[in-house]
Every structure is written in C-alpha cells, then in structure tokens.
Amino acid sequence: MHIGKVQSLLFVGLFMLAAMPAQAQTDIPRAQTLRVVQETLPNTLDPAGLSGNPRVNGYSWNTYDRLITFGTMALPNGNLVYDYNTLIPALAESWEQSADGKTLTFKIRKGATFHDGAPVTAEDVKWSLDRAVSVTVAKSQLATGSLTDPAQFSVLDAHTIRISLPRADRYTLPNLALSFPVIINAKRVRAHAAADDPWGVEWLKSNDAGGGAYKLAGFEPGQRLELLRHDGWTVGPLPAMRRVIMQQVPAAATRRALVERNDADIAMDILPRDIVDMEQSGKFNVVSTPQVNAFQFIAMNAGIKPFDDVRVRQAIAYALPYRQMFEAALLGRGFPLFGGSGEDESGRFPAPHPYATDLDKAKKMLAEAGLAGGFETSLSFDAGIASVAEPAALLVQESLARIGIRLRIEKIPAGQIGNALIKKEVPFYFEGSAAWLRDTDYFFRIFYQGDTRWNYGNYHNPEITRLVQDARWETDPAQYTAMTRRMVEIANRDVPIILLWQAAQELVAQKTLQGFVYYHHRQVDFRTLSRR
C-alpha cells in the first residue's frame with residue numbers, strides 16, 4: 001500500500017514537471033536549466049510581504065538587488081557560507097560613512113537596469129527604502145538598525161543617496177544586506193498602486209518589479225515558479241543557469257525519487273535518513289551546512305509553575321539525553337550546542353552550553369525545589385516539524401520519567417503553535433528559530449527579553465535587559481565581549497531555553513552541480529550555481 005502511494009506521488013510529480021509550459025524562451029538547453037523540487041513555494045512574491053513564508057526570502061534574494069551584501073567564506077569542510085563580518089558592494093558600487101557614524105552615502109552603480117529595462121536611479125532607491133520602513137514586514141527589522149523614517153533617506157543626485165541616523169548604529173549596514181530592503185522599480189509599482197494601497201502591496205504579491213539576476217517568467221501558487229536570467233544584470237557575474245524551474249512537491253519520497261531519476265537537479269527538504277542513503281550511494285552531491293544563525297531548543301515557560309523555579313529548569317537541563325536526541329532527530333547531522341566546557345571566553349551565541357546528562361544531579365535539583373516526587377506536565381511541538389521533534393520528544397519523555405517527571409506529548413497542528421506562544425500559554429516545548437543578524441547582543445535582544453513570541457522562555461531579567469541595551473552602542477571590543485560573556489553566563493545559569501543543536505541546511509543535487517553558498521535566509525542562491 002505504501003509503495004503504491006509513493007509510486008502514485010512519483011507519477012504525479014513527474015507529470016507536473018513534464019507538463020510545465022515554457023512560458024518564455026524555449027531554446028534554452030537543458031544544461032542551462034535548473035529544476036528544483038521542494039516542499040513549498042513562496043506564498044507571496046512581495047520581498048517584504050506580510051505573512052510571507054521563508055521561501056519568499058529565497059525568491060527575493062535571486063530576483064531583487066540590495067545596496068550591499070555579505071561576502072563569503074569557506075568552512076573547514078570546504079562549504080561556502082556568508083561572511084557576516086564582511087560587507088561588499090552590490091547595487092551600490094561604494095559607500096562612505098561619516099566620522100561620527102551618523103551619515104552613510106551610497107553611490108549607485110551606473111548602468112544597472114530593472115527587468116523591464118528601466119535604469120535604476122537614486123529615486124528608486126529612496127522609494128524602496130521609504131516603503132521598507134513604512135508598510136512591510138521589513139519595518140520592524142530595519143528599526144533594529146535605526147532605520148525608521150522616510151525622512152532619513154535623501155537623494156543627492158541621480159546615482160547618490162544619503163542615509164541619516166540619529167546615532168551610529170552597529171546594525172544599520174548589516175540590515176541593509178538582508179533579504180528585506182530590496183530595490184524596487186518605483187515607477188512600475190506606482191502604475192499598479194491604488195489610493196488605498198500606495199505601496200503596491202496587493203500587486204507585488206504576484207508580480208515582479210525587481211532588477212536582480214533573475215526575473216519572473218511564471219507563477220502558479222502552490223504548483224510552480226519559473227525564473228529567467230536577467231541578461232542586463234550588472235551587479236555581479238551573469239549566472240550560468242539561464243532558467244530556473246521550481247516545483248512544489250509535498251511528499252519527501254517523491255522529491256527524492258525525482259532526483260534519483262534525474263528529473264530534478266536539486267531536492268530540498270529531504271528526510272535525514274534519505275540524506276544518509278543518498279550520500280552513501282556516492283551518486284549525488286549532498287550539501288550539508290550547519291545553519292550558523294539558527295538553533296533548535298527546548299523552552300520552559302518561566303511564567304508558569306513549576307518552571308518559574310530556576311532549580312526545576314536546571315534539573316531538566318541535566319536530565320535531557322542530548323546525544324541520543326541529536327542522533328534520533330538528525331542522525332547527528334548538524335552542530336551540537338550541548339556539553340560545552342563552560343569556559344568559552346568569546347561571548348559567542350549560540351555556543352555549546354555546559355550541561356550534560358546527569359540524572360543524579362537532576363534529581364538533586366528537583367529535591368531542592370521541593371519536587372522530589374516529580375510533577376506532571378506536557379511537552380508540545382508543531383506537527384510541521386514532527387520528523388525531528390517527535391523522536392526527540394519520546395526520548396525526553398523517557399529520560400524525565402527517570403527523575404519523576406511525568407510527561408504528556410502534545411502535537412499541535414502545523415502552523416498553530418504561534419498563537420499559543422504569543423499568549424505565553426505553552427509550558428514546555430520543542431522549537432527552532434533563527435536570527436537575521438549574528439551579534440550576541442542581537443540574539444539576546446530577540447530571544448531573552450520582551451513580551452514578543454520570540455522570548456520563548458517568557459524570561460525577564462533586569463541585568464540582561466540592561467546589558468542588551470548598553471551592548472548595542474558599545475564601541476570598545478573588549479567591553480562588548482565582557483558584556484556578552486555575562487549575558488551567556490546568566491543564560492546558562494537560568495536556562496529559560498535549553499539549546500540543543502544547529503541543524504544543517506541539507507539538500508541533494510546532481511553530481512554535476514557546484515557553487516552552493518549558505519546564506520542567512522536559508523534558501524538556495526541560484527546565481528552562483530553551475531555545472532561541471
């Protein structure tokens with residue numbers, strides 16, 4: 001029965017790939033066409049659209065330009081990742097920062113064009129940044145870099161724009177290199193805007209107004225997305241792939257089969273065991289890169305008893321079977337964030353915490369909290385990550401039972417855990433997250449304070465709040481490191497969230513493909529790919 005279902009899904013997937021109409025050029029050879037299968041496609045084409053899923057960031061990265069971007073660096077295994085500490089020109093060929101750090105002046109690359117052939121001007125850049133800080137999901141993110149008001153953006157001439165800041169901010173430039181602050185063809189969007197929608201929010205959900213390396217050729221939501229190379233692109237070397245076809249294929253078994261039959265070049269969202277099988281076969285290019293800006297964790301709601309007692313949280317931190325969880329959930333593929341020495345002086349986050357499995361110590365901590373007989377609670381996770389969360393949860397249930405904690409496992413319907421987290425209703429749960437920026441104080445600003453969903457442990461510590469505020473503006477590297485070391489020390493002591501691991505971004509590709517780079521948005525950059 002199971003085999004028949006897989007064969008049926010495979011047939012459907014193959015049929016859909018074969019049936020894709022060539023909406024644009026039909027003379028593009030197969031060698032210059034990239035076929036990608038993944039679990040989902042973008043649910044909007046607006047680069048900074050509200051409620052956009054993660055796939056939107058990949059679409060934005062390939063079809064729109066930003067003023068600046070991140071450089072790249074090689075990991076010890078040879079995989080390329082973005083270099084968070086190195087910013088390089090993109091649409092802006094150069095920039096200058098004033099001595100007081102409050103003024104940034106960007107020179108726009110001459111000769112750059114949008115997909116419709118219109119030249120890119122400083123007016124387009126200003127309109128795009130005005131939009132980003134006014135109406136889209138980029139608004140809150142750019143505010144972390146002191147970009148909040150259209151009045152901050154000034155056109156000096158056709159190819160020069162100035163950004164004025166209330167004070168120098170370490171996060172202004174990195175924010176401009178993210179997926180959100182894209183440069184949009186203002187004239188094209190205005191032609192499709194309305195009095196009640198001056199920023200073209202509705203039109204951009206299904207249309208392209210970019211000037212990046214690829215342009216939109218066709219979009220069928222929930223089915224397929226086709227891109228063609230923008231041959232007028234001057235921001236970087238022209239991509240080797242002239243056409244990209246992305247297909248939504250919900251079943252992981254079908255995605256694997258399509259690559260095995262050479263009917264797809266890249267398969268995303270492959271299950272860990274399938275990744276291992278395909279890697280061991282030696283027939284495929286398996287790209288496995290730790291998600292350096294992401295982490296998975298178990299959170300305890302510090303506003304709900306008994307998790308409001310730090311001794312209970314520490315007891316659980318000592319009781320988790322970390323290594324078994326890592327192997328069961330990911331087959332050990334990723335970077336562990338447990339079992340550290342506790343002597344890291346760098347102030348990095350995320351970094352391995354000092355807890356390791358010690359059931360005797362866990363029982364002692366529970367007894368000190370007055371809970372020697374244990375207690376009952378639930379461990380929740382989103383059904384959308386069940387393939388990773390469920391095997392880990394079963395091991396947590398088994399291990400906590402040994403110290404008297406009786407655990408119910410609750411699988412929340414996919415996509416519904418968010419509201420419960422906002423309301424701070426979930427006591428104990430497995431989750432994963434990522435940060436757009438990678439400075440330690442930025443992680444702590446997002447995940448260890450405030451009343452947002454992202455304060456997963458519902459944690460409030462006045463010293464953390466003060467350190468986060470002060471570190472943002474600290475310019476002395478030694479002082480900054482001292483502040484972040486203290487943040488990490490407090491977090492390890494109070495453990496509102498228990499770090500588990502950084503999962504790997506994994507994909508399977510044909511052996512002939514090369515040039516993969518991992519970026520903060522965790523999607524594929526098609527611009528760098530080529531065939532051997």
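This passage describes the overall form of a predicted model and then a number of its local features.

The chain contains 17 helices and 21 strands. Its C-alpha trace extends over about 70 × 65 × 45 Å along the principal axes. For 532 residues, a compact globule would have a radius of gyration near 24 Å, and the chain, which has 24 Å, agrees with that value. Of the 532 residues in the chain, 55% are buried. Contacts between residues at least 6 apart in sequence were also examined, and 71% of these join residues at least 24 apart.

Two helix pairs are considered next. Two packed helices are described by the angle between their axes and the distance between the axes. Helix H15, made of residues 440–447, packs with helix H17, made of residues 477–494, at an angle of about 40°, and the two axes lie 9 Å apart. H15 is therefore oblique to H17. The crossing in which H15 passes H17 is left-handed. On the H15 side the contact is formed by Thr440, Asp441 and Phe444, and on the H17 side by Tyr480, Thr484, Met487, Val488 and Ala491. Sorted by class, the residues in this contact of H15 with H17 are five nonpolar, two polar and one charged.

The second pair consists of H11, which spans residues 322–330, and helix H13, which spans residues 386–401. The angle between H11 and H13 is about 150°, and their axes are 8 Å apart. Angles over 145 degrees count as roughly antiparallel, so H11 and H13 are roughly antiparallel to each other. H11 passes H13 in a crossing that is right-handed. From H11, the residues Gln324, Met325, Ala328, Ala329 and Leu330 meet Ser387, Val388, Pro391, Ala392, Leu395 and Val396 of H13. The contact of H11 with H13 comprises nine nonpolar and two polar residues, with no charged residue.

H9 covers residues 272–281, and its buried residues include Pro272, Asp274, Ile275, Val276 and Met278. After H9 comes glycine 282, which has a positive phi near 75°.

Aspartate 46 is placed in the loop between strand S1 (33–38) and helix H2 (55–63). Its relative accessibility is 1%, so aspartate 46 counts as buried. Leaving aside residues up to four places away in sequence, aspartate 46 touches Val56, Arg131, Val201, Leu204 and Lys205. Isoleucine 88, by contrast, belongs to strand S3, residues 80–89. With 33% relative accessibility, isoleucine 88 counts as partly exposed. Again leaving aside residues up to four places away in sequence, isoleucine 88 touches Ile68, Thr69, Phe70, Gly71 and Trp95. Between the C-alpha atoms of isoleucine 88 and leucine 379 the separation is 44 Å, and the two residues are 291 residues apart along the chain.

The remaining features concern backbone geometry. Most residues other than glycine have a negative phi, and most peptide bonds are trans. Lysine 305 and proline 306 are joined by a cis peptide bond with omega about 0°. Proline 306 sits in the loop between strand S13 (294–300) and helix H10 (310–319). Another cis peptide bond runs from phenylalanine 349 to proline 350, where omega is near -5°. Proline 350 is located in the loop between strand S14 (334–336) and helix H12 (359–368).

Positive phi values are found at two residues that are not glycine, namely asparagine 262 and arginine 522. For asparagine 262 the phi is about 65°, and the residue lies in the loop between H8 and strand S11 (266–268). At 46% relative accessibility, asparagine 262 is classed as partly exposed. For arginine 522 the phi is also about 65°. Arginine 522 is in the loop between strand S20 (517–518) and strand S21 (530–531). Its relative accessibility is 31%, so arginine 522 counts as partly exposed.

Key: Residues are numbered from 1 along each chain as its sequence is written. This is a predicted model: local features need pLDDT of at least 70, side-chain atom pairs count only at pLDDT 80 or more; totals for chains, interfaces and linings use all residues. Side-chain values use heavy atoms; hydrogens and water are left out. Axes are lines fitted to C-alpha atoms, for helices over the stretch in contact, and angles run from 0 to 180 degrees between N-to-C directions. Helices (H or I, at least four residues) and strands (E, at least two) are DSSP runs, numbered from the N terminus. Angles under 35 degrees count as roughly parallel, over 145 as roughly antiparallel, 65 to 115 as roughly perpendicular and the rest as oblique. A crossing is left-handed if the near helix is turned anticlockwise from the far one by less than a right angle, and right-handed if clockwise. Contact means heavy atoms within 4.5 Å. Ala, Val, Leu, Ile, Met, Phe, Trp, Tyr, Cys and Pro count as nonpolar, Asp, Glu, Lys and Arg as charged, and the others, Gly among them, as polar. The radius of gyration is taken over C-alpha atoms; the globule rule is 2.2 Å times the number of residues to the power 0.38. Buried means under 20% relative accessible area, exposed over 50%, partly exposed in between (1.4 Å probe, protein chains only).
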